[in-house]
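Please keep the sequence and the structure in view while reading.

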Amino acid sequence: MIVLIEASLGAGQAITLLMIALALGLDVFSLGLGIGMRGIRLLDIAKFSIVVGLFHCMMPLIGILMGRWMNQLLGDVAIVAAGCIFILLGIHMIYSSFKEGTPVLFNHRRFWGMMLIAFSVSVDAFSAGLTLGMFSVDIWLAILCIGVIGGGMSMLGLLLGRKVKGKLGEYGEACGGAILLGFGILFLV
């Protein structure tokens, strides 16, 4: 009986992490569409996606470690704080998706430009990691899930952006924000 409960909790955690990773990946996907529509070489797609995937592993790891530390300090208040962080992160992502004219200021072909872009789209992953760290989440499952999906969504967006010429996927970040907002409300209820 205990093994069945632990297995269902593990499956539930994996599904939750998958949904959070997809929500965070939608932000990278929409950015990838924009960059891809301007034109990008296949080698640059591979490099950019790997860098984004690595940042999507590092940032939640740092966030989870800080979140665990905060959980020890705050105790039960940490769950309320985690819910509030997810709600604020969701609202921010939804708001950012509707802002007009958010150009990419850095050249994604240059090393530092690629690093700054990857860092900027991974800040949300840090916030999500901070929140996940306030719970007893499996660290390796979380960073692997968020990192692989972030890198994969980046690659998918860049490849699809190369193929399409219209404005597609501009609401991807809003969908991701709505998912995180929903999780935040769920944590508070």
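Leu42 is exposed, with a relative accessible area of 54%; here buried means under 20% relative accessible area, exposed over 50% and partly exposed in between, with a 1.4 Å probe and protein chains only. Leu42 belongs to helix 2, which spans residues 42-74; helices (H or I, at least four residues) and strands (E, at least two) are DSSP runs numbered from the N terminus. Together with Met155 and Leu159, Leu42 forms a nonpolar surface patch that has about 260 Å² of accessible area. Such patches consist of residues with over 30% relative accessible area and no salt bridge, like charges being joined within 9 Å and nonpolar side chains (Val, Leu, Ile, Met, Phe, Trp, Tyr) within 5 Å.

The model is a predicted one, in which local features need pLDDT of at least 70 and side-chain atom pairs count only at pLDDT 80 or more, whereas totals for chains, interfaces and linings use all residues. Residues are numbered from 1 along each chain as its sequence is written, and side-chain values use heavy atoms, with hydrogens and water left out.

The chain contains six helices and zero strands. Of its 189 residues, 43% are buried. Its accessible surface comes to about 10100 Å², and 74% of this belongs to carbon and sulfur atoms; the areas come from the Shrake-Rupley method with a 1.4 Å probe, and for residues only the protein chains shown count as cover. Among contacts (heavy atoms within 4.5 Å) between residues at least 6 apart in sequence, 94% join residues at least 24 apart.

Asp44 forms a salt bridge with Arg41, their closest N and O atoms being 3.3 Å apart; the term denotes a side-chain nitrogen of Lys or Arg within 4 Å of a carboxyl oxygen of Asp or Glu. Asp44 also meets Lys47 in a salt bridge, at 3.6 Å from N to O. Lys47 and Asp44 are both in helix 2, three residues apart, about one turn of the helix. Through shared partners, Arg41, Asp44 and Lys47 are joined into one network. With a relative accessibility of 3%, Asp44 is buried, while Lys47 is partly exposed at 36%. The whole structure holds two salt bridges.

Ser49 is another residue of helix 2, and it is buried at 4% relative accessibility. Its side chain reaches the backbone nitrogen of Met155 at 3.2 Å. Beyond residues up to four places away in sequence, Ser49 touches Gly151, Ser154, Met155 and Leu158.

In soluble globular proteins, nonpolar side chains tend to be buried together. The largest nonpolar core in this model has 34 residues, and Phe48, Ile64 and Leu132 have the most contacts inside it; a core is a set of buried Ala, Val, Leu, Ile, Met, Phe, Trp, Tyr and Cys residues joined through side-chain atoms within 4.5 Å. Helix 1 (2-38), helix 2, helix 4 (111-133) and helix 5 (139-163) each supply at least two residues of this core. Helix 1 gives the largest share, 10 residues. Apart from neighbours within four places in sequence, Ile64 is in contact with Gly129, Leu130, Leu132, Gly133, Val137, Ile139, Ala142 and Ile143.

Methods
A polar contact is a pair of N or O atoms within 3.5 Å; within protein, one must be able to donate a hydrogen and the other to accept it, and residues adjacent in sequence count only if both atoms are side-chain atoms.
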